Amino acid sequence: MKTQVVIIGSGPAGLLLGQLLHRQGIDSVILDRVTPDYILGRIRAGVIENGFARLMREAGAAARMTAEGEVHDAVEIAVHGVYHKIDLAALTGGATVTVYGQTEITQDLMQARAAAGLPGFYGAENVRPHDMTTDHPYVTFEKDGVTHRIDCDYIAGCDGFHGVCRPSIPKHKIREYERVYPFGWLGLLADTPPVNYELIYAKSDRGFALCSKRSARRSRYYLQVPLAEKLEDWSDDRFWEELKRRLPADAAARLVTGPSLEKSIAPLRSFVAEPLQYGRMFLVGDAGHIVPPTGAKGLNLAASDVNTLYRILTKVYGQGRTDLLARYSEICLRRVWNGVRFSWWMTDMLHHFERDSMEDKIRDSELDFFLATPDRRRILAEQYVGLPYEEIE
Ligand code: FAD
Ligand code: DHB
């Protein structure tokens, strides 16, 4: 089999890239080791920057997001029970974010791909990229006991943090930076009305909590928990009780509880691989970098990588601009490092590390400082709504 771009990974990054390339007449084949249902069962991000929303429109997959996504012009940061509204739109000259689940985005993109009749293999085992530093890379995989080979011009490694593409790069050709945090986020999804229209990021003596949502009827809540915490020790009742204790009194009183649809613990990590390119293979999204979720940046950074690769490949195929390929990593990494820094900063300010330590006191003080005046809140707002994408010449 032959195609122009093999996309390894059918998460939001791979699917969005495939759809955008298709609209430019560039062929792709998508491979994933799991099934579509498995992918759609992973509950992850919920806040979409305007840049991502624009790409969904450009991909022709934004109809449901436009109809059902909620546009938010503010978020709340609650510190020890006191609210500080961050007026995103007022502080940034009109920018907003859209609250729409990653699961929905993935489903919309899968449907768009199916409607266009584009090829993909799910349940593909032993996927391997080959000959990335030659002009003739190819990918092999096994499916139903048969080994397949796809020859291509380029490989897009959209296979997440635990994928195969990054480990296929020789160790001496890549540098990895990492910080693992001493806590994780316990998430709960429930069909209950969200406690607030705006998201609430809450810092309390008991640790961080986040009130988010998927719609007017579906809530998504998170609690900071120690890394060693076990999911089975968290009954729904225990989760709701702990959440109430971390929220401002009015929100705790309003909170509607109910049975969980999903509960999971995600470890928190900052990670960047440099460069994000090895010959004709490009690392896109979580395959190349991870951020802790506090700033809602993981999915949005994946989208900005997609934007860069898509625009470069469009010029490569349309105008013969192969010179741009070598710029992919450098362009992506500028925005990635910014997102890594912002996510680190938000995580640092809003979580407890070592209670009553000097460092935690400094974190409290830093948060107070940045919430105190509109000019300081603007710094937070501009990054939360997302920095602009870099032009490709
Ligand atoms: P992924 O979504 O990870 O997709 C990668 C795909 O590659 C998967 O479908 C996988 O099956 C496939 N794959 C992997 N290995 C192989 C292989 N060897 N062969 C073939 N296919 C392979 N971000 C936020 O902004 N807010 C959040 O609340 C948030 N919560 C998160 C919770 C968890 C548990 C995790 C893991 C991440 C969370 N994130 C969050 C981050 C966000 O979900 C990711 O940034 C986003 O999923 C990145 O998309 P992606 O397409 O790059 O990677
Ligand atoms: C969600 C996750 C985040 O990390 C965040 O900062 C905001 C919202 C969510 O899953 O809804």
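Predicted model: local features only at pLDDT ≥ 70, side-chain atom pairs only at ≥ 80, totals over all residues.
1. Helices (H or I, at least four residues) and strands (E, at least two) are DSSP runs, numbered from the N terminus.

2. The axes of H9 (residues 298-319) and H10 (residues 328-350) cross at roughly 165° and come within 10 Å. Axes are lines fitted to C-alpha atoms, for helices over the stretch in contact, with angles from 0 to 180 degrees between N-to-C directions. H9 is therefore roughly antiparallel to H10 (over 145 degrees).

3. In the contact (heavy atoms within 4.5 Å), H9 contributes residues including Leu 301, Asp 305 and Ile 312, while those of H10 include Ile 331, Arg 335 and Gly 339.

4. Turning to the sheet, three strands form an open, antiparallel arrangement in the order S9-S10-S11. Strands S9 (125-130) and S11 (146-151) are at the edges with a single partner strand each, so one side of each has no neighbour in the sheet. Neighbouring strands are turned by 15° against each other on average, direction ignored.

5. S9 pairs with S10 (residues 138-143) over four bridges in the antiparallel sense (pairing needs at least two DSSP bridges). Within this pair, His 130 lies opposite Tyr 138 of S10.

6. On conventions, residues are numbered from 1 along each chain as its sequence is written, and chains are lettered from A and ligands numbered from 1 in the order written. Local features need pLDDT of at least 70 and side-chain atom pairs pLDDT 80 or more, whereas totals for chains, interfaces and linings use all residues; side-chain values use heavy atoms, leaving out hydrogens and water.

Note on methods. Parallel < 35°, antiparallel > 145°, perpendicular 65-115°, else oblique.
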